[in-house]
Amino acid sequence: MASRAAVPFLVAMMLLTGVCNTLLTKYQDNQCVRDCDGHSGRRPALFEQPVLQTAQMFIGEMGCWLVVGIMSLYQRFISKPSPERGGYQAVDTADADDSSANRRDGHPKPDAHSRSVLRGARVMLLALPAICDICGTTLMNVGLLFVAASIYQMTRGALVLFVGLFSVLFLHRHLRLFQWLSLVGVVLGVGVVGLAGAIWPDEKKTTQPDFGGQAAADGLSDAARAIIGVLLIAGAQIFTATQFVLEEWMLENSPIEPIRVVGWEGLFGFLVTLLVMVVMHFAIGRTEAGKYGYFDMAEGLRQMSDKRIWVSSLLIMISIGGFNYFGLAVTRSVSATSRSTIDTCRTLFIWIVSLGLGWESFKMLQIVGFALLVYSTFVFNGIVQPPLKSLQDNGEIEELLPEEPIEHR
């Protein structure tokens, strides 16, 4: 656990890496990769490779193994603390958690290692949340092609709705009345953000995303594109919520460290994504209809060779790895609730930077939706009290996310 003096640094770095991740991805989407001079008579085409962006995310997650390796070497060869020298002794958190649980219910729990669901070859189960991550991230990357970065980030606030519902259905959590009302507020906030994007869309001066080489957005108005983008991003949260619930169940039933979970998911996710890319390239990408589309692997790699693209890809992978590390450090040092609050602040910074870069225009209705989304999230997490005394409850609020949630984007 980090010292109290280091917490502001961890928070600042979590904000910085999180903001950089979203903005760099949007920067990639704005880069022209074909017919940029206008001499060919065709409209300039932007970088539109959401599958490759998903793959680079998993490469960034695999970077967590580098952190694990460095820390292991440090503890083995450099740091040799002892109680006599004022050092520390490792504490088995699984045993501590079991002891506290035993005191609560009066019944002994089995040893964490004997009940581990990820022991040995069963670590392959982490491929399940990785597949959910593939689906969710790819859908969000496609949605980001249609909407501004801030609307993308705000719409991701719908995650708390699906996490809450799935936690009740599958993990047998209990929501109080004010939490259910908060979820309704989250839905309304996301809806208002989407409405703002539909009424006042930010027009794109280049081509819209292609699927299979054909312009999927041809014939659609800017408002329709904004609605499609919001729906794609919001729908992606179903897969992300499923991933969170699977991860929570696995973390509760295994002594594995969360940063290793991120590393394993990065490895499995990259392998599955690579397999899908190869299969879809031969099935669709090589056809005339699939030329220049999402599954044209040759064209995607050619576009990645552009200096602006590969440099931004490298920065994105670093920012993802950093966001994972600092997010876990903040959660371990403070709380999961604090992490969610910080993540909300990230949305505000993304919106401000996007305005400054001219990527979008100011929309008052978007501010209303964002405020409703933030307030509902804070009420749900118990950071602020519900407005009505009848809804207030001084009891302990049960966290619906893992005590050490797995950060990704």
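Trainee: What makes the pairing of R302 with E299 a salt bridge?

Mentor: A salt bridge is defined as a side-chain nitrogen of Lys or Arg within 4 Å of a carboxyl oxygen of Asp or Glu. The closest N and O atoms of R302 and E299 are 2.7 Å apart, which is within 4 Å, so the pair qualifies. Please note that this is a predicted model, in which local features need pLDDT of at least 70 and side-chain atom pairs count only at pLDDT 80 or more, while totals for chains, interfaces and linings use all residues. Residues are numbered from 1 along each chain as its sequence is written, and side-chain values use heavy atoms, with hydrogens and water left out.

Trainee: Where do R302 and E299 lie?

Mentor: Both are in helix α11, 3 residues apart, which is about one turn of the helix. Helices here are DSSP runs of H or I with at least four residues, strands are runs of E with at least two, and both are numbered from the N terminus.

Trainee: How do you know that E299 counts as buried?

Mentor: Buried means under 20% relative accessible area, exposed means over 50%, and partly exposed lies in between, with a 1.4 Å probe and protein chains only. E299 has 8% relative accessibility and therefore counts as buried. R302, at a relative accessible area of 39%, is partly exposed.

Trainee: What is the N to O distance in the salt bridge of R308 and D306?

Mentor: That distance is 3.1 Å. R308 has a relative accessibility of 35% and counts as partly exposed; D306, at 24%, is also partly exposed.

Trainee: What makes the nonpolar surface patch of about 440 Å²?

Mentor: W310, V311, L314, L315 and I318 make it. Patches consist of residues with over 30% relative accessible area and no salt bridge; like charges are joined within 9 Å, and nonpolar side chains (Val, Leu, Ile, Met, Phe, Trp, Tyr) within 5 Å. L314, in helix α12 (residues 307-333), has a relative accessible area of 43% and is partly exposed.

Trainee: Which residues touch the most other members of the largest nonpolar core?

Mentor: V147, Y152, M154, L183 and A241 do so, within a core of 44 residues. A nonpolar core is a set of buried Ala, Val, Leu, Ile, Met, Phe, Trp, Tyr and Cys residues joined through side-chain atoms within 4.5 Å. Apart from it lies another core, of 10 residues, among them V123 and L251.

Trainee: Which residues does M154 touch, not counting residues up to four places away in sequence?

Mentor: Among them are V190, V193, W351 and F370. Contact means heavy atoms within 4.5 Å.

Trainee: Why is M57 called buried?

Mentor: Its relative accessible area is 2%, so M57 is buried. M57 belongs to helix α2.

Trainee: How many helices and strands does the protein chain have?

Mentor: There are 14 helices and 4 strands. Of the 409 residues, 50% count as buried. The accessible surface comes to about 19900 Å², of which 66% belongs to carbon and sulfur atoms; such areas come from the Shrake-Rupley method with a 1.4 Å probe, and for residues only the protein chains shown count as cover.
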